[in-house]
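Open the model in your viewer and keep the selection tool at hand. This tour moves from stop to stop, with a look around at each.

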Amino acid sequence: MITRRNFVLVSALAVACASADTAVADAAAKAFLEKIYAAYRGKSSKGIPLDSDAMLRLYFEPTLAALMIKDRRAAQKRGDVPEFDADPFVGGQDWEIGQVDIAVRDIAPDKASATAKFRNIKVATTVDYDLVKLKDGWRIADITWDGKDTLRGVFEKK
């Protein structure tokens with residue numbers, strides 16, 4: 001027979017386990033973004049070269065990576081620049097970034113939203129991320145810069 005004390009104990013354990021799973025997801029998603037921004041910190045940082053299909057697939061979920069690859073190939077064929085000709089992680093072509101503050105929130109199983117705040121060449125910048133967890137780890141489903149334009153939107157309005 002289930003006593004009130006056992007019921008309370010089991011309920012408390014269930015809540016603790018659910019919280020532990022959430023914390024693990026947040027930590028992994030945050031680590032994913034921290035690794036990205038580590039390549040951008042400092043005056044002589046090189047950033048992350050997104051010049052190959054493999055690199056795009058390493059950071060972006062499959063449908064967004066496919067849009068970016070298609071755009072890059074079309075631009076190469078016509079001898080032009082891609083529709084989005086900037087670095088998606090900083091929202092521009094140039095950067096000089098110091099401290100980056102990253103906050104991650106779980107929004108559903110295997111989905112999270114994150115915000116990265118930093119000063120880029122002395123300008124306060126906010127980059128919001130929609131993240132999805134795939135079998136290979138966290139990937140970016142979309143990026144929004146300063147609450148306005150989205151990376152997916154750049155390709156879908158064509």
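Helices here are DSSP runs of H or I with at least four residues, numbered from the N terminus. Keep in mind that this is a predicted model.

**Stop 1: helix 3**

Select residues 62-77. This is helix 3, with 16 residues. From its first C-alpha to its last it reaches 22 Å, close to the 22 Å expected at 1.5 Å a residue.

Now step just past the end of helix 3. There, G79 takes a positive phi of about 65°.

**Stop 2**

Which residues of helix 3 are buried? Colour L64, A65, M68, I69, D71, R72 and A75. Turn the view to look down the axis of helix 3. The buried residues fall within an arc of 160°, so they line one face of the helix. An α-helix has 3.6 residues a turn, so residues three or four places apart point the same way.

Next, pick another colour for P62, K70 and K77. These exposed residues sit on the face of helix 3 turned away from its buried side.

What do the buried residues of helix 3 pack against? Show helix 2 (53-59), strand 4 (137-145) and helix 4 (151-156) as their partners.

**Stop 3: D53**

Move to helix 2 and select D53. Is D53 buried or exposed? D53 counts as buried because its relative accessibility is 16%, and the cut-off for buried is under 20%. Leaving aside neighbours within four places in sequence, D53 is in contact with I69, R72 and R73.

**Stop 4: the largest nonpolar core**

Select I36, Y37, F60, F89, Y129 and L131. Of the 36 residues in the largest nonpolar core, these touch the most other members. Helices 1 to 4 and strands 1 to 4 each supply at least two residues of this core. The largest share, five residues, comes from helix 1.

Zoom in on Y37. Apart from neighbours within four places in sequence, its contacts are F89, V100, I102, A116, F118, V127 and Y129.

**Stop 5: the largest pocket**

Finish at the largest pocket, which holds about 320 Å³ of space. Its lining has 18 residues. Which of them lie nearest the centre? Select L50, P82, F84, A86 and P88. Then bring helix 3 back into view: the largest share of the lining, three residues, comes from helix 3.

Note on methods. Residues numbered from 1 in each chain as written. Predicted model: local features only at pLDDT ≥ 70, side-chain atom pairs only at ≥ 80, totals over all residues. Heavy atoms only, no water. Expected span 1.5 Å × (residues − 1). Buried < 20%, exposed > 50% of the residue type's maximum accessible area, 1.4 Å probe, protein only. Arc of directions from axis to C-beta. Contact = heavy atoms within 4.5 Å. Core = buried A, V, L, I, M, F, W, Y, C linked by side-chain atoms within 4.5 Å. 1 Å grid on protein atoms, 1.4 Å probe; cavity = no way out; pocket = protein on both sides within 12 Å on 5 of 7 lines; lining within 4 Å. Points joined across faces, edges and corners; volume = space filled by probe spheres on them.
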